[in-house]
Amino acid sequence: MTQAIDKDRVLIFDTTLRDGEQSPGATMTHNEKLEIAGLLDEMGVDIIEAGFPIASEGDFRAVSDIAKNAKTSVICGLARANFADIDRCWEAVKHARQPRIHTFIGTSPLHRAIPNLTMDEMAERIHETVSHARNLCDNVQWSPMDATRTEWEYLARVVEIAIKAGATTINIPDTVGYTAPAESADLIKRLIAEVPGASDIIFATHCHNDLGMATANSLAAVAGGARQIECTINGLGERAGNTALEEVVMALKVRHDIMPWTTGIDTTKIMNISRRVATVSGFPVQFNKAVVGKNAFAHESGIHQDGMLKNVETFEIMRPEDVGLTASNLVMGKHSGRAALRDKLRQLGFEVGDNQLKDVFVRFKELADRKKEVYDDDLVALMRVGEDSENDYLKIKSLKVVCGTTAPQTAELIMEVGGEEKSTTQTGDGPVDATFNAVKALFPHSARLQLYQVHAVTEGTDAQATVSVRMEEDGRVVTGQSADTDTVVASAKAYVNALNRLVVRRSKTAPGTDSREVSYKDVS
Ligand code: KIV
Ligand code: ZN
């Protein structure tokens with residue numbers, strides 16, 4: 001099929017819900033996936049890779065529900081190179097207004113060795129599986145995994161086979177983040193120039209960030225002729241992550257003079273989705289992260305401030321508003337009313353219904369009682385961290401911690417465990433350790449703490465602390481978050497939040513599966 005390709009337009013393919021969500025610990029709930037997909041759709045993402053339908057019942061349901069709800073984005077699912085995967089993928093994406101099947105196989109020498117296929121056998125498998133996918137769906141993407149470490153002759157041969165079998169997009173993954181910008185551009189350029197049929201289809205670039213070159217490699221691939229960039233919000237993804245959507249989109253916008261390609265992304269939605277993904281994935285954004293980091297628009301040194309007051313362009317190449325950061329940081333206080341709160345939340349990208357507003361308003365008042373001035377970041381933290389839900393198995397009723405210069409510290413905890421109120425007093429090496437010991441005494445478990453992270457939301461000694469906790473038990477990884485002006489209370493709530501998720505996960509999955517029966521790395 002020959003398709004019309006707009007040479008000035010770069011398609012944005014977001015894989016936060018597939019490649020991003022597959023990174024250990026980033027697992028999202030069904031509702032969180034639906035919410036993120038809705039935000040991606042709204043911000044103008046062209047293609048959403050919603051998941052890997054054969055991986056589990058949960059993945060299948062998420063992809064189908066996202067497909068049913070999508071308004072304008074193409075909804076894509078991932079499938080390995082076999083009929084069962086492709087059929088399952090089609091069953092999930094077929095509900096979308098615009099479905100796509102994405103099938104792949106590892107083509108580099110190291111990846112070819114896994115399924116133990118000869119080069120000819122693999123070529124035959126590619127022909128069969130792409131043809132099969134194309135019989136089901138007229139939008140088929142094919143990827144030679146680890147393309148950047150595949151021999152040129154073999155890569156050109158299999159790309160040609162996939163095009164002949166009906167692939168409409170060919171994605172060239174740099175699976176291990178190995179390539180460099182000049183090489184990335186040359187590879188795409190050469191494929192388009194030398195493979196028969198290549199100029200009639202779209203080439204995509206899919207980069208990992210192991211050497212910190214994912215954004216540069218993706219943009220170089222576009223210069224070489226690629227017209228689809230695969231990326232994730234905040235660069236979420238395994239190891240060092242994937243290309244960050246916000247970086248490539250803003251680079252194309254800000255440097256349109258030398259990279260004259262446009263995307264369909266409404267960049268003012270970037271900040272909000274970045275915050276949501278950080279929250280639901282449990283992977284906070286580093287402060288100095290390009291575009292979405294807390295310090296990306298902070299100009300604190302005296303020289304910078306002086307320059308900024310004279311002309312904002314002295315140190316700013318993009319305006320905070322362009323990525324959805326409100327210019328003002330209007331302080332709210334305990335006298336601020338419900339309407340003002342709703343208005344402020346709207347400016348920060350949160351649309352709240354009446355019931356949610358009621359709940360947030362109560363928590364806002366509690367916070368304003370403890371903290372003189374409530375800043376934008378405080379409200380964002382309030383929104384990011386939901387209160388305990390009615391269904392939670394564990395609920396903290398009261399916590400009293402005694403600290404001092406002499407160890408050990410003591411925590412007195414009253415907690416509801418499955419509806420029964422229990423209490424304990426435990427000691428520990430510091431207040432947080434004592435508190436976690438108390439939780440564990442009332443709810444014994446074998447989950448291992450993988451991450452405990454504390455951030456101050458704003459400046460000042462009355463600042464709220466946001467705490468993230470990641471835990472692992474029998475291969476299941478869960479995260480928990482909380483925020484409070486008291487760091488120990490925030491820690492306790494985050495810990496309990498993670499344990500509540502673990503309780504839910506235990507009831508749904510067998511040990512060792514982390515909710516997935518197969519991974520995209522399993523070949524067959
Ligand atoms: O990195 C990779 O190669 C992938 C493929 C499945 C496209 O994510
Ligand atoms: Zn990948």
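This is a predicted model: local features need pLDDT of at least 70, side-chain atom pairs count only at pLDDT 80 or more; totals for chains, interfaces and linings use all residues.

Entry: polar contacts of the ligand.
I looked up Thr 175 and found a side-chain N or O atom 2.6 Å from an oxygen atom of ligand 1. For Arg 18 I noted 2.9 Å between a polar side-chain atom and an oxygen atom of ligand 1. Asp 19 also has a polar side-chain atom by a ligand 1 oxygen, at 3.1 Å. I then checked cover: ligand 1 taken alone exposes 260 Å², and the protein buries 100% of that.

Entry: the shell.
Which residues surround ligand 1? I wrote down Arg 18, Asp 19, His 102, Ser 143, Met 145, Asn 171, Pro 173, Thr 175, His 206, His 208 and Tyr 520. By class, I have 3 nonpolar, 6 polar and 2 charged residues in this shell. I also asked where in the fold they come from. Helix 1 (16-20), strand 5 (140-145) and strand 6 (169-174) each give the shell at least two residues.

Entry: cavities.
How many cavities of 30 Å³ or more are there? I recorded 4. The largest cavity is the space taken by ligand 1, and its volume is about 130 Å³. I listed 13 residues as its lining, and those nearest the centre of the largest cavity are Arg 18, Met 145, Pro 173, His 206 and Tyr 520. The lining of the largest cavity divides into 5 nonpolar, 6 polar and 2 charged residues. Helix 1, strand 4 (99-106), strand 5 and strand 6 each supply at least two residues of that lining.

Entry: backbone, cis peptide.
I left the ligand and went through the backbone. Which residues does a cis peptide bond join? I found Ala 407 and Pro 408, with omega about -5 degrees. Pro 408 sits in the loop between strand 9 (394-402) and strand 10 (409-417).

Entry: backbone, positive phi.
I noted Asn 234, which is not a glycine but has a positive phi of about 65 degrees. I placed Asn 234 in the loop between strand 8 (228-231) and helix 10 (245-254).

Key:
Residues are numbered from 1 along each chain as its sequence is written. Chains are lettered from A and ligands numbered from 1 in the order in which they are written. Side-chain values use heavy atoms; hydrogens and water are left out. A residue is near a molecule or strand if one of its heavy atoms lies within 4 Å of it. A polar contact is a pair of N or O atoms within 3.5 Å; within protein, one must be able to donate a hydrogen and the other to accept it, and residues adjacent in sequence count only if both atoms are side-chain atoms. Accessible areas come from the Shrake-Rupley method with a 1.4 Å probe; for residues, only the protein chains shown count as cover. On a 1 Å grid over the protein atoms alone, a cavity is a set of points where a 1.4 Å probe fits but cannot get out, and a pocket is an open set with protein on both sides within 12 Å along at least five of seven lines; lining residues have an atom within 4 Å of a point. A molecule sits in a cavity or pocket if more than half of its atoms lie within 2 Å of its grid points. Helices (H or I, at least four residues) and strands (E, at least two) are DSSP runs, numbered from the N terminus. Ala, Val, Leu, Ile, Met, Phe, Trp, Tyr, Cys and Pro count as nonpolar, Asp, Glu, Lys and Arg as charged, and the others, Gly among them, as polar. Grid points are joined across faces, edges and corners, and a volume is the space filled by probe spheres set on the points.
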